[in-house]
Amino acid sequence: MKRFSSIIITILLLVAQEAMSQSVGVVMSGGGAKGLYHIGVLRALEENGIPIDYVAGTSMGSIVGGMYAAGYTIEEMEALALSGDLDRWVSGGIDDKYKYFYMQRDRISNMITLPIGPDSRDEESGRRRVILPGSIVSSAEIDLVLNSLFAQASSAAKGDFNNLMIPFRCMATDMVEHRAVELSSGDLALAIRASMALPVAFPPVEIDSVLMCDGGCYDNFPWRSLEDNFHPDILIGACCVDIKPKSLKNSSVVDQLMSLITKPTDFDMPADRSVLIQRAVDASTLDFKHAAEIMAAGYNDALDAMPEIKAMVARRVTTEEYDRRRREFIARFPKPLMGEIEILGLNDNQTRIAHDMMYIGHNKAKDTLPLTGDEVSDNYLTMLANVPVKSDFPVFRYNDNTERFDITLPLSVKPNFDIAIGGNISSTAFNQAYIGLEYGWWSRVGQTFNLDILLGPVYTMARLKGRTTLIHDAPIYFDYSYNFNIHNTLKGNFGNLTQVDNAEQMRMMENFLSFSVGSAIKRKAVADLTINGGRNSYSYEMAGYPKRQYTHFSFLSTGISLERTSLNKPLFPTLGSHLMASGIYVYGLDERDSRAGVINPEPEDRFSRIRQWWGAKVMWEQYFDITSSGVLSCGYAIEGVYTNHPSFDSREATLLSSPQYAPLLHSRMIYMPEFRANRYLGIGLMPTVRIIDNLYARVSVYAMLRDKFAGEYVHYMSDLSVIYHTPIGPVSLALTKYDFDSSKNLYLTFNFGYAIFGRKGLFF
């Protein structure tokens, strides 16, 4: 009996020992935004005490798996997924907060930009060629984020992925040899970046002289990597894509492309010791807006599979054990202090400028070093947003001697010649076609030259402009330009649905030279001094004269201004603010000669007199989110102008040279004398509702208080607009009404693109 009991106890001990030594590997597929599914799966496994001893992943699976292996909690991963940052990073643009406003203020919004660079000659013909982008998405911000997420863990593991909190593997693809590559050591951030480099969407990266892209092209479910390296007893798979080939009929361009460049994936894990948690998540590759639903789907699917998992996995790990392992691993992290910054790929002067920009805020106070990781990220993105350079993956290496992370930034000069195409397509006469040419270079200073040509029946513009910039943390710039503008309302339809009694025909031509000196006192604020000199010509009808009259005003004007903005869109914004304050002085000669159009000319038909005035303008515009979700926002605007603008020889010339109140797009197209005055106060209210993503409805109501005109002191304008923001410009349909005391002056207009207006020689 005792012998039998001993045998039973021995068997039970062997079973218990086997259960205690039982190892579990978790493998996660790629899938872009669909891969957030894996976070929900990991939560369910942790909450049910299922051990996770090894992790492998591809693409988004490598990001989730890498974060888990690097010691991030489920809560931290969920917070990142829900923050909205992922959606911004994959949009490809550097956050607007890093861009200097002075570079954007005079830049014309366009639909398409085509770069032509110094390395763009065709080898056979020797001709310049247009450079198409190597990827849809700029990875600059993603690269930095990956370094900030993984640099400390990579250093703690000494570059060996077996030494992470959980041993880890990820897959990439060798683009030259067309094979899957398993990454098990080196820079963890770089390995994960290679694994997620979806062709066309993200640029590939180079590891050990091998150009690599998304591992999903050749192995989107790397369970064999776990099997071959760690031999886990149990395999748990998390798959967020369809495991069966699907019809490509009516599929997206991305799905068609991936079908062409990917090999069929092996999902056949050993049936007797594996569990597959799988769902074909209904989300596009780069759509992270539905993170909560995707993670919930992974969690629920894992719970459904939990009875099968528990039947197979006898071993359990408590929450306390998970927390202890994380604390022990994170305790090995070095402090996130930055050491030496090495710039590669630029000439000596460019390297000096780039190096100074990386130390923004410390150039005059070296005792405040070392830089923190946040400062490096901030200064790096500021440099990329404002200096014509592009970067490969930045490398963060921990220096044991200095106990800091040394940084290598491989940079290259961007193409120095750009062609911009844009304009406005309208249901009215306000159609525009725009082409812009920009040539630039930088060394000790930045230098650009622009030629902008805008053609349209209502508004035509030509501008030749140069800019010289002293590049440092508070850039100083010198602008010089020749400007030619024609605003013509003599013909064409402006969308009127009813009779119009407040608009007149006119033709105004501006022809002037301009010189400015200014400084970016902050990223989003600029102060400058401008001097303009030229000649304005006004054409109009005048009572008592059979032909159109012409007034010429030759002038010299100067203005000083302060402007700051944080608006989230150049047209139809919904968040941010805009402040502008300026003062001007104008001196000029007012001339009118109408003798050729009069049967019996009188001496007063030829007129010439000096006119001079000064003025000030203040404008404040702000938009705020009422619901904290972007569904409902509201804006308000206040604009005040005071000048001692004198009367010209004719009423019409006086009005045409006076400041204009034009807060609506339509109000800038037509000529309405009631909204031109030498002194006025304008106020507006603009509530906006987001219907779906990028589709908005806006009501705008404005009132202008001025000296008495047409028997009224207050004049009104309003519109109801539906706006859709496309990647190349807004589409809008607007019902616009001027004055509320009659049924007249009602307009319906459609516009697609960016309506463009040049600077005024008289400022406002």
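1. In this predicted model, the lining of the second largest cavity comprises, by class, 5 nonpolar, 3 polar and 3 charged residues. The volume of this second largest cavity comes to about 90 Å³, and among the residues that line it are Met-508, Glu-510, Asn-536, Tyr-538, Arg-676 and Lys-760. Strand 19 and strand 20 each contribute at least two residues to that lining.

2. The search of the whole structure returns 3 cavities of 30 Å³ or more, and the largest cavity has a volume of about 140 Å³. Of the 17 residues lining the largest cavity, those closest to its centre are Asp-106, Ser-481, Ser-514, Ser-516 and Arg-759. Its lining divides into 3 nonpolar, 6 polar and 8 charged residues, and at least two lining residues come from each of strand 17 (459-470), strand 18 (476-488), strand 19 (507-522) and strand 20 (525-540).

3. Turning to strand pairing, strand 26 (residues 695-709) and strand 27 (residues 712-726) run antiparallel and are joined by 12 bridges, with Ser-700 standing opposite Asp-719 of strand 27. The hairpin of strand 26 and strand 27 has 2 residues between the strands, and in this hairpin Ala-710 adopts a positive phi near 55°.

4. Strand 27 also runs antiparallel to strand 28 (residues 729-738), to which 10 bridges join it, and Val-722 has Leu-733 in strand 28 as its bridge partner. Strand 27 and strand 28 likewise form a hairpin, with 2 residues between them.

Notes:
Residues numbered from 1 in each chain as written. Predicted model: local features only at pLDDT ≥ 70, side-chain atom pairs only at ≥ 80, totals over all residues. Heavy atoms only, no water. 1 Å grid on protein atoms, 1.4 Å probe; cavity = no way out; pocket = protein on both sides within 12 Å on 5 of 7 lines; lining within 4 Å. Points joined across faces, edges and corners; volume = space filled by probe spheres on them. Helix = DSSP H or I, 4+ residues; strand = E, 2+ residues; numbered from the N terminus. Nonpolar A, V, L, I, M, F, W, Y, C, P; charged D, E, K, R; others polar. Pairing = 2+ DSSP bridges.
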